[in-house]
Amino acid sequence: MESILSAVDSFIWGPPLLILLSGTGLYLTLRLGFIQFRHLPRAFVYMFKRESGAGQTGDVSAFAALCTALSATIGTGNIVGVATAIKAGGPGALFWMWLVALLGMATKYAEGLLAVKYRVRDKNGFMAGGPMYYIENGLGIKWLAKLFAVFGVLVAFFGIGTFPQINAITHAMYDSFNVPIEASAAVMTVLVALIVLGGVKRIASVSTFIVPFMAILYVATSVVILMINADKVPAALALIVASAFNPEAALGGVLGITVMKAIQSGVARGIFSNESGLGSAPIAAAAAHTKEPVRQGLISMTGTFLDTIIVCSMTGLVLVITGVWNAEVEGAAATNAAFSLGLGTQFGATIVTVGLLFFAFTTILGWCYYGERCFVYLFDIRGIKIYRSIFILLVACGAFLKLDLIWILADIVNGLMAFPNLIALIGLRKVIVEETRDYFRRMARGDLDEEI
C-alpha cells in the first residue's frame, strides 16, 4: 500500500504541479509589479490598523482572520515538515522552500483578494468564501468548485487537518515527557471537541491568543541558537545554496540526493507549511471585517512570509548548523536534537515539543474550520454536526498511524486540492490585476484615507 501511495505522490508532485505552482506565483509576481516586496511594510501595518469608513462586513477582525489562517499553516510543517524535507532533499530543499514562499506570497495575495470579492453569507448569517465561491461565482464552473470542496474535506480529514498533527503531538509528548500516546490522544481529542463545536469565533479567539505567543517564543529560541553558533551561519547558508543546485558536489553524494529531489522536497513541504496556492487561507480571509478585497489580500500574504521565511527558516538553519539534518533521526526527533545541541541543554528540546504541541493543536482547529466550510458548500449547513463528529473521530485515530504513510497521504490530498484553485487564479487573473490597480489608484487620489 505504501509503495502505491508513494508512486501516486511522486506523480502528483511531479513537474506539472511544481511548474503550475511556481509558474502561477511568478506570473502574479510580474503582473502585480512585485507587490509582495513593494507593499509588505503596508501589509504588516494593515494587520493591526482598523479599516476606516463604513461598509465593512465580516465575522472576525482582519487580524483574527489572519491568525486563524496562521493557526492552520504554522504547525508540524514548520518543525517536522522542514526536518523531513531536509532529510529527503538535503539542505538545498530549504532554498527551494524560500523561493516558492516568495513567489507564493503573490499567490496568497490573490487568494485573499478573491475570497473577499466573491464571498457570500450562509443561512446562519456567517461569511462563506474561498476557492469554491470564486470558482463558481467568478469562473462560473460549478463542478470545479465542488471538486475543490471535496478535496478540501479530504485534506481536513486525511491530510494537514488531522493525522500529521495529532501524530506529531502524541509522539512528541511520549518522547519528551514519557506521556503515553493513548493519554495524549484522548486529551487532545476532548480539547479539539470543546473548541471546534463553538465555530469560527471560538477558533479565532483561541488562535489569536496562542499563535502569536508561540511563534515569538519559538523564533526567539532559534535566534538565540543562531547567535550562539554565529560563526557557523555563513557556512550553513553557503551549503544551503550550493546543495540547491549541485547537491552531489556540496554533499558528496549523501544518500543519493539530486537537484530534483531537493526541489520536490522543498516545494512539497513548503506548500504543506505555508499553503500558498492550496486555496485554504482564503476560506479564513473571507470571514474578515473589511470592504476592500485588496486590503485583505495584502494581509493574507504576510502569512506566507511569517510561516516560511521566518519560522521555517529558523528550523532549517538550526538543523543545518548543528549537522543534525544528516544524523540518524528524523521528524520531530531531529528538530528536538538540533535545538538541544544548539543550546547545549535539554531545554531546547522542551521548547520544540511545547511549540509543536501548540502549533499542531491550532492547525487542527484551523483545518476543522476550512473543512467545515467546504462541507457546508457541498451539503449545506445541515451537515455541520456530521462533519464535526467525523473530524473529531479522525483526530482520535491519527496518533496510531505510521509516520511515513501519514506524510505521503497528506502530500497526495494537498496536491489534489491545489489544482482547482490554481486554475481559478489563472482564470481570474484579469480580475486580480484590475482590482489591484483600482485600489492603488484610489489610494493615490486619497479616496481611501489609508496612507501610512
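Predicted model: local features only at pLDDT ≥ 70, side-chain atom pairs only at ≥ 80, totals over all residues.
1. Helix α13 spans residues 233–245, 13 residues in total. From first C-alpha to last it reaches 19 Å, close to the 18 Å expected at 1.5 Å a residue.

2. The buried residues of α13 are Val 233, Ala 236, Ile 240, Ser 243 and Ala 244. Viewed down the helix axis they fall within an arc of 110°, so they line one face of α13. Pro 234 and Ala 235 are exposed, on the face turned away from the buried side.

3. Thr 162 sits in the loop between α9 (142–158) and α10 (163–177). Its relative accessibility is 0%, so Thr 162 counts as buried. A polar atom of its side chain lies 2.4 Å from the backbone oxygen of Phe 157. Setting aside neighbours within four places in sequence, Thr 162 contacts Ala 156, Phe 157, Phe 391, Leu 394 and Val 395.

4. The salt-bridge count is seven. One of them joins Asp 438 to Arg 442, with the closest N and O atoms 3.0 Å apart. Both residues belong to helix α22 (residues 429–445) and are four residues apart, about one turn. Asp 438 is partly exposed, at 29% relative accessibility. Glu 292 is linked with Asp 438 and Arg 442 in a network of salt bridges.

5. Asp 447 and Arg 445 also form a salt bridge, with closest N and O atoms 3.0 Å apart. Asp 447 is partly exposed at 48% relative accessibility, while Arg 445 is exposed at 56%.

6. A further salt bridge pairs the side chains of Asp 380 and Arg 382, at 3.5 Å from N to O. Arg 382 has 67% relative accessibility and so counts as exposed.

Methods. Residues numbered from 1 in each chain as written. Heavy atoms only, no water. Helix = DSSP H or I, 4+ residues; strand = E, 2+ residues; numbered from the N terminus. Expected span 1.5 Å × (residues − 1). Buried < 20%, exposed > 50% of the residue type's maximum accessible area, 1.4 Å probe, protein only. Arc of directions from axis to C-beta. Polar contact = N/O pair within 3.5 Å; in protein donor to acceptor, adjacent residues only side chain to side chain. Contact = heavy atoms within 4.5 Å. Salt bridge = Lys/Arg side-chain N within 4 Å of Asp/Glu carboxyl O.
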